[in-house]
Amino acid sequence: MSDDITIDISTPESGVKGEQMICSLSLKCVATWNGKNEVISIWQKPSSVNEDIKLSELIEKLSSITKNIFHKLVELVDISDGKLLILELESDESNPYRVVYDLNNQQSLIHKYTSHEFVKWKFLENGNLLTMHYEQSNKSRLKIELYFIENGSFKLKRSYFILTNCYDNSYLFSQGQLMHGLKYLRQWNVINGSKDFDHQYYLGCSKSVQVCFNESLLAVRKLNNSLIIYSKKTGMAFFQRLQVKIKNIGFCKESDLLIVQEDNESNIDGFNYYFIDPYFGNILYTQPIKSKHQLIIHENVISIVDNSVQIENIFENTKEQLYRKMSTHLLLSMTNSASIIRGCKGETKEFSKCNECDEYVEISSTLLTWKIYKSERKLSANINSQEIDCIILDESLFNIFYFYMLPNDDLVIHTNHNYGIIFTHNRSQNKIELLFFSHLTDDKYHYSYENGSFEVIFNEFMNQPIIIEMIVNYLDDITKFTLYASHILQAAIKCRKSDIIDLIIEKCIDHYDKNPENIHLFKIITNSISEIQKYNNYYVKKFFNYTTLIKAPQKIQCEEVTGQKNHLYGFTHDADADSYLLESTFFLNIIRDNLHTLYNYSLKPSYKKRSAIKLYIPLPQFASYNTNYNPVKEFFLGPEKNEFLKLKHSHFYSDWNGEALLNFKWEKFGRYYYYINWLLHTFFLIAFALATHGKFQKFFFIISAILGIFQFLFFGFRQFLWIKEHFCLWSLFSCIIIVYTHTFIVLDDHNNFFDSFTTIYKLMTGDTTDLEFKKKPELIVIWISFSVFIVIYLLNLCIGLLNEEIQMIDKKTLFLTQKAELLAEIELFGLFPSQRRWKSWFPDHIYYYVDVEKLQRKLNEIHDTYKDSPYKPIIHPDLLDLITCKITNSIENGTYNSISESINFSLLKNKGQISITLKFKGKKLIDYIDHIVMDNDDDDKDDKVFKNMNSEETNIQDYLKSIQNIIKSNVSKNKHYLNITLEFKGAKLVKYESQVAD
């Protein structure tokens with residue numbers, strides 16, 4: 001099952017594990033110990049003879065080698081293919097020891113006193129050892145150590161640590177992967193020594209319990225018995241909730257099927273073993289394991305029978321049944337789908353070689369028969385010789401070359417035009433449906449939409465109803481939407497299919513609304529958002545309108561945050577902010593510990609707390625970069641742009657999501673690089689000016705030349721080559737001014753830079769008195785060129801462009817748009833390629849805090865703006881409930897006490913009918929008016945009666961609580977002024993109304 005599974009077979013006694021069986025990674029060595037007998041049995045393939053080791057002799061030998069007194073064996077931890085055994089032993093100390101024992105040479109290779117709350121040891125595929133534990137001296141540090149075998153012993157090769165207080169979500173794997181994280185599961189490869197993690201997976205709300213993966217998928221078992229399946233290639237997630245209680249999970253090595261072991265401790269006869277479709281969550285096959293005296297690793301059941309090891313691959317025994325129940329979508333998505341289809345498909349029939357006299361050609365299985373009628377171009381599905389459904393094929397689709405059936409009875413047709421078409425019989429509706437349509441590649445059994453098949457569909461076959469039905473079916477089903485929507489969207493943009501683009505955005509929002517935890521769906525839109533903008537800006541604006549306020553996927557709640565986390569403060573995730581793999585050395589550990597202590601107790605500022613709510617920027621991977629890159633090539637030729645660099649949409653930065661994204665980037669790295677760049681330019685200009693006069697002209701000329709060449713090559717030249725539109729017009733303008741200034745220094749015999757610059761400034765106003773044209777006629781040419789190029793052309797061009805921009809967008813949006821361009825330049829030209837892969841700076845998911853009161857005003861603004869609009873933003877009900885509750889509770893108790901006292905007094909003195917008007921400004925009561933009204937018995941029949949009560953003071957006080965709740969619920973929704981009128985007849989509320997006032 002999982003990579004480090006050990007199954008306890010019987011009940012543990014006195015701190016000792018029950019009967020155990022452990023196996024090496026390639027199934028070469030098996031070790032067993034029943035917890036009672038004084039023998040450890042070792043089996044090694046291909047020999048079926050076991051080797052028994054007396055436990056008393058082994059403990060005595062290990063005590064002698066390690067100079068420690070061991071009493072008993074606690075656990076068999078792991079065994080390698082080379083017969084290296086990890087044992088956990090109990091000593092005189094309260095905490096156990098762990099020992100790596102070489103069974104071949106009968107010696108201890110490594111032993112450690114494991115005085116830790118958490119410890120994991122794991123053999124890797126290459127025989128090396130990987131350990132993980134909390135440091136005894138620092139409980140907030142998870143230490144990882146990699147040991148290599150050298151000269152018959154283990155030597156420490158690398159040491160890392162992760163700063164974290166959470167160790168439950170930490171996993172080691174035999175390929176050298178380390179996974180850790182609470183809200184985000186991050187994956188490192190500790191063998192290659194890289195401190196940057198390879199992948200990051202969002203875990204959602206609940207905590208992870210177990211993780212397993214294969215080449216293409218990663219599965220996470222959650223604490224609530226649910227599963228999240230991630231596609232490593234696309235990063236998309238599939239959420240599954242099974243009806244069985246899960247104990248262990250794993251992937252089948254020969255396919256992408258998920259294997260689940262049922263947690264059934266009450267059944268002493270055994271347990272069930274399920275093969276699960278990871279995309280659709282269907283149970284394809286159930287394999288009962290009658291005896292618990294077995295070990296399950298992936299699809300292999302390892303047992304000891306008649307004193308020998310038996311390994312049964314239950315996938316091989318059941319794969320025909322699995323393929324019959326497997327969905328075609330899963331089959332086509334597998335990494336080795338072509339080889340599986342080639343091996344399991346039915347008989348292939350060539351249409352042209354069929355008997356011309358026959359009316360139809362058929363192909364059958366035990367349950368279903370497909371018939372293709374030649375003259376009518378009809379395809380029919382038949383059960384027990386009875387036609388269930390039929391469709392008429394278009395001539396362009398009917399050009400059949402050959403066809404065959406898959407084990408699940410789906411029909412595959414290859415046409416002469418090199419198309420692969422798959423039909424299925426929908427048993428629930430008894431109808432034929434088009435399941436797949438793609439252009440074929442060189443491998444005739446590889447069916448995929450990655451080859452531009454949807455572009456062909458949109459250009460040639462959108463007049464076919466069955467094609468349209470297939471696309472709609474893809475978008476309606478959440479699993480198919482996750483699999484194919486990205487390909488459909490990219491093709492729709494290229495083929496300019498606006499209705500398809502609009503439908504995908506609508507369906508994406510609809511699927512998210514049904515499961516707000518699945519934030520990965522937004523990635524479908526995010527990955528193509530710049531292309532959508534180029535095609536039609538309307539759809540980008542529509543998507544941004546829908547996703548103005550997206551709540552964080554975690555359980556929503558008001559948080560008391562410090563003043564440092566301002567409104568629209570962006571962050572990745574607090575719980576995982578410091579979960580990065582750091583190299584562990586003695587001196588670095590001392591420096592980090594001391595700096596951390598100094599900051600916490602001396603330098604860390606104190607802030608007042610306030611109420612805030614966590615929201616999510618619905619643009620996953622919008623600001624992150626591809627991790628597969630060539631550093632040298634990228635440094636000189638530029639990186640592959642992410643969507644943040646591509647998108648030029650001012651509407652995005654006019655709302656909270658865009659502003660929070662910019663705040664995050666500015667706080668993380670933008671401000672530091674901006675100030676450094678500003679200081680470099682300032683120093684350059686000062687050196688440039690000092691080079692024109694004084695004693696150190698030569699020195700400052702050299703300094704200014706060095707800085708100028710550095711800035712030109714490192715920034716300007718690359719900026720001009722990579723993105724010409726980013727080459728700033730103002731930079732060109734300033735450079736020309738400086739060039740003309742130095743020209744006048746040389747030609748007009750000015751003594752210093754300041755005098756020459758003053759002359760330039762006067763020229764811009766038309767003053768030429770400082771120029772001596774008679775002595776130096778060449779100044780006339782300089783003067784004319786300066787007037788035409790600078791005064792007439794560049795200045796008017798800049799003024800015109802600036803005026804156009806100001807008219808188009810408001811000032812704040814203009815500022816944020818310019819800030820986005822500045823940050824884009826810093827990313828491109830100021831950062832090294834490796835820095836652009838730092839997930840702390842460029843994360844896949846970004847959250848931000850909003851003040852409760854500002855969020856309330858925003859909600860009111862949205863309500864007014866989109867009151868009758870079909871594109872009203874998604875507001876989760878939990879968010880509305882939380883805001884209403886928080887605002888209501890924040891209203892001063894003194895205000896309501898005053899209201900209660902006033903109403904109480906008015907009711908007690910009232911003998912007839914009274915009207916009480918309460919006027920609020922926001923949450924503040926600004927006026928209280930009561931007056932007697934004329935009695936009208938007829939009105940009493942139609943008025944709403946809330947409660948009958950006596951005119952006793954105690955009853956009135958009880959009644960005031962319900963009136964107070966009415967006032968609170970209305971005041972919490974109030975934006976500006978609100979009038980609440982309560983009309984009483986005696987002590988009975990007969991009329992109530994609220995009205996927003998000007």
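**Salt bridges**

I began with K72 and E90, whose side chains meet in a salt bridge at 3.9 Å, N to O. A reminder to myself: this is a predicted model. K72 sits in strand β6 (residues 70-79) and E90 in strand β7 (residues 84-91), 18 residues apart, and the pair links distant parts of the chain. I looked up the exposure of both ends: K72 is partly exposed at 27% relative accessibility, and E90 is partly exposed at 31%.

Next I went to D655 and K858, which form a salt bridge at 2.7 Å, N to O. D655 is in the loop between α16 (650-653) and α17, while K858 is in helix α23 (residues 852-865), so this pair ties together parts 203 residues apart in sequence.

E667 and R671 meet at 3.1 Å, N to O. Both lie in helix α17, 4 residues apart, which is about one turn of the helix. E667 is partly exposed at 36% relative accessibility, and R671 is partly exposed at 25%.

I also noted a network of salt bridges that links D502, E506 and K542. My count for the whole model came to 24 salt bridges.

**Aromatic rings**

How many aromatic pairs are there? I get 42. One of them is F543 with F544, a tilted pair with 6.1 Å centre to centre and 50 degrees between the planes. F543 is buried at 1% relative accessibility, and F544 is buried at 6%.

I then turned to F669 and W841, which are stacked, with 5.3 Å between centres and 25 degrees between planes. F669 lies in helix α17 (residues 656-690) and W841 in the loop between α22 (811-830) and β43 (847-851), so the pair ties together parts that are 172 residues apart in sequence. Both F669 and W841 are buried.

Going back to F543 and F544, I found them in a cluster linked by ring pairs, together with Y512, F522, F622, F644, F652 and Y653.

**Charges over rings**

I found the charged end of K378 over the ring of Y373, 4.4 Å from its centre. I noted R837 as well: its charged end sits over the ring of Y629, 3.8 Å from the ring centre.

**Strands and hairpins**

Which way do the side chains of β26 point? In this strand (residues 294-297), Q294 and I296 point one way and L295 and I297 the other, and all are buried.

β26 pairs with strand β27 (residues 300-305) in the antiparallel sense over 4 bridges. L295 has I302 in β27 as its bridge partner. The hairpin of β26 and β27 has 2 residues between the strands, and H298 in that hairpin takes a positive phi near 55 degrees.

I looked at a second hairpin too. Strand β20 (residues 226-231) and strand β21 (residues 237-241) are antiparallel over 5 bridges, and I229 stands opposite F238 in β21. This hairpin has 5 residues between the strands, and G235 takes a positive phi near 80 degrees.

**Loops**

R496 has a phi near 60 degrees, a positive value in a residue other than glycine. R496 lies in the loop between α8 (478-494) and α9 (498-514), and R496 is exposed at 56% relative accessibility.

L568 also has a positive phi, near 70 degrees. L568 is in the loop between β39 (558-562) and β40 (569-571), but this leucine is buried, with a relative accessible area of 2%.

I jotted down G152 in the loop between β12 (141-150) and β13 (153-163). G152 is partly exposed at 40%. From G152 to D102 I get 9.3 Å, C-alpha to C-alpha, for residues 50 apart in sequence.

**A surface patch**

Last, I looked for nonpolar surface. V632, F636 and L637 make a nonpolar patch of about 350 Å². V632 is in helix α14 (residues 631-637), and V632 is exposed, with a relative accessible area of 56%.

Key:
Residues numbered from 1 in each chain as written. Heavy atoms only, no water. Patch = residues over 30% accessible without salt bridge, like charges linked within 9 Å, V, L, I, M, F, W, Y side chains within 5 Å. Areas by Shrake-Rupley, 256 points an atom, 1.4 Å probe, with all protein chains shown as cover. Salt bridge = Lys/Arg side-chain N within 4 Å of Asp/Glu carboxyl O. Buried < 20%, exposed > 50% of the residue type's maximum accessible area, 1.4 Å probe, protein only. Phe/Tyr/Trp six-rings, centres within 6.5 Å; stacked < 30°, edge-to-face > 60°. Lys NZ or Arg CZ within 6 Å of the ring centre and 35° of its normal. Pairing = 2+ DSSP bridges.
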